[in-house]
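This report walks through one protein chain, from its overall make-up to single residues. Please keep the sequence and the structure open while reading.

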Amino acid sequence: MQSKAVFAVAFLLMGILTFSSVKGENNPPADVRLVDSIVIRAPYVTLGEIASIETEDNVLKKRLINLVVGEAPRVKASKIISSYKIKGVLNREGLRGVDVHGIQSTVITETRFMEKDELRKIIKEWVIAKAGKEKEVEIEFLRLPRRWEVPESKEIEFVVHSSRTSYAGGKLSLTIRAVVGDYTMSSAHVRIDVLHYSNVPVLIRPLKRGGKLLKDYVEVRRSEVTSADAMLVASAEDVFGMIAKKDLPLGKMLSIKDFERPVLIERGSFNRLL
């Protein structure tokens, strides 16, 4: 009788140990508890931003904290990250058995309002790059957004796009996009008027048609060249001694199309004067 009692106790202890072992094996390696809503930084939403993570495995915890579960929403928008989506990401990453608590988490991108001086600087840098270093630029800002909201992110990049296919100065309509990663988070529309200035040779006295251009007719001056033709003379040395095709007024910027080389006529040859 005593032996049967001992056997029963031993059997009961074995069952308890076996149950404990099985229960331990079924325990999830980590518990993820979603927050209802939170503000995050672009460009991505990580699990550590939208949930508290409980696990004794520090390596696993770090991996879960940095796990990307979606892209950040655009400025002034929100995005729902569901537990279903999170479980799908965990499965793709081979992190099975992680227990996700909660239905969903709503995320909003952290933003700031851009100062107008910062926006002017971005536009000026774009204009200078387009105009070239040999030209000075003056920009009149005809229209700027009052309060442009952009993502608060170290990875943000501002991309400027012109409505014109080619850049030539003058009045321009621009779209500035706030880009983080591969995503446009917000945009603003700007209108500017750009004037180009450059040091070019100009006439300091009128030159009649058929007159020869001499050195004392020319002086290099800072002039507006925004709408000037593309054939402006870079150096007056290139046209000294040439003949004017038409009357050229005082202050005229020298253009190669306004001059021609003198024709040499041999003595005794027949020439028709037009």
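Predicted model: local features only at pLDDT ≥ 70, side-chain atom pairs only at ≥ 80, totals over all residues.

What covers the buried residues of α5? They are covered by elements that include β9 (111-114), β10 (136-143), β11 (148-151), β12 (156-162), β13 (170-180) and β14 (183-203).

## Overall make-up

The protein has 274 residues, and 35% of them are buried. Its secondary structure consists of five helices and 17 strands.

Contacts can also be sorted by how far apart the partners are in sequence. Taking the contacts with a separation of 6 or more, 60% are between residues 24 or more positions apart.

## Helix α5

Helix α5 runs over residues 116-131, which gives 16 residues. From the first C-alpha to the last it spans 22 Å, close to the 22 Å expected at 1.5 Å a residue. Leu 119, Ile 122, Ile 123, Trp 126, Val 127 and Ala 131 are the buried residues of α5. Viewed down the axis of α5, these buried residues lie within an arc of 160 degrees, so they line one face of the helix.

The face of α5 turned away from the buried side has the exposed residues Asp 117, Lys 121 and Ala 129. After α5 comes Gly 132, which has a positive phi, near 100 degrees.

## Helix α4

Helix α4 covers residues 83-92, and Ser 83, Ile 86, Val 89 and Leu 90 are buried in it. These residues take up an arc of only 120 degrees around the axis, which puts them on the same side of α4.

Tyr 84 and Arg 92 are exposed, on the face of α4 turned away from its buried side. Gly 94 follows α4, and its phi is positive, near 75 degrees.

## The largest pocket

The largest pocket has a volume of about 310 Å³. It is lined by 17 residues, and the closest to its centre are Lys 135, Ser 198, Val 225, Asp 229 and Leu 232. The elements giving two or more residues to this lining are α5 and β14. The largest share, four residues, comes from β14.

What classes of residue make up the lining of the largest pocket? It has 10 nonpolar, four polar and three charged residues.

Ser 223 is part of strand β15, residues 218-224. Is Ser 223 buried or exposed? Its relative accessibility is 13%, so Ser 223 counts as buried; the cut-off for buried is under 20%. Apart from neighbours within four places in sequence, Ser 223 is in contact with His 196, Tyr 197, Ser 198, Val 200, Val 202 and Met 253. One of these partners, Ser 198, is also among the residues closest to the centre of the largest pocket.

Asn 199 sits in strand β14. With a relative accessibility of 51%, Asn 199 counts as exposed, because the cut-off for exposed is over 50%. Not counting residues up to four places away in sequence, Asn 199 touches Val 220, Arg 221 and Arg 222. Asn 199 and Glu 224 are 25 residues apart along the chain, and their C-alpha atoms are separated by 8.8 Å.

Note on methods:
Residues numbered from 1 in each chain as written. Heavy atoms only, no water. Expected span 1.5 Å × (residues − 1). Buried < 20%, exposed > 50% of the residue type's maximum accessible area, 1.4 Å probe, protein only. Arc of directions from axis to C-beta. Contact = heavy atoms within 4.5 Å. 1 Å grid on protein atoms, 1.4 Å probe; cavity = no way out; pocket = protein on both sides within 12 Å on 5 of 7 lines; lining within 4 Å. Points joined across faces, edges and corners; volume = space filled by probe spheres on them. Nonpolar A, V, L, I, M, F, W, Y, C, P; charged D, E, K, R; others polar.
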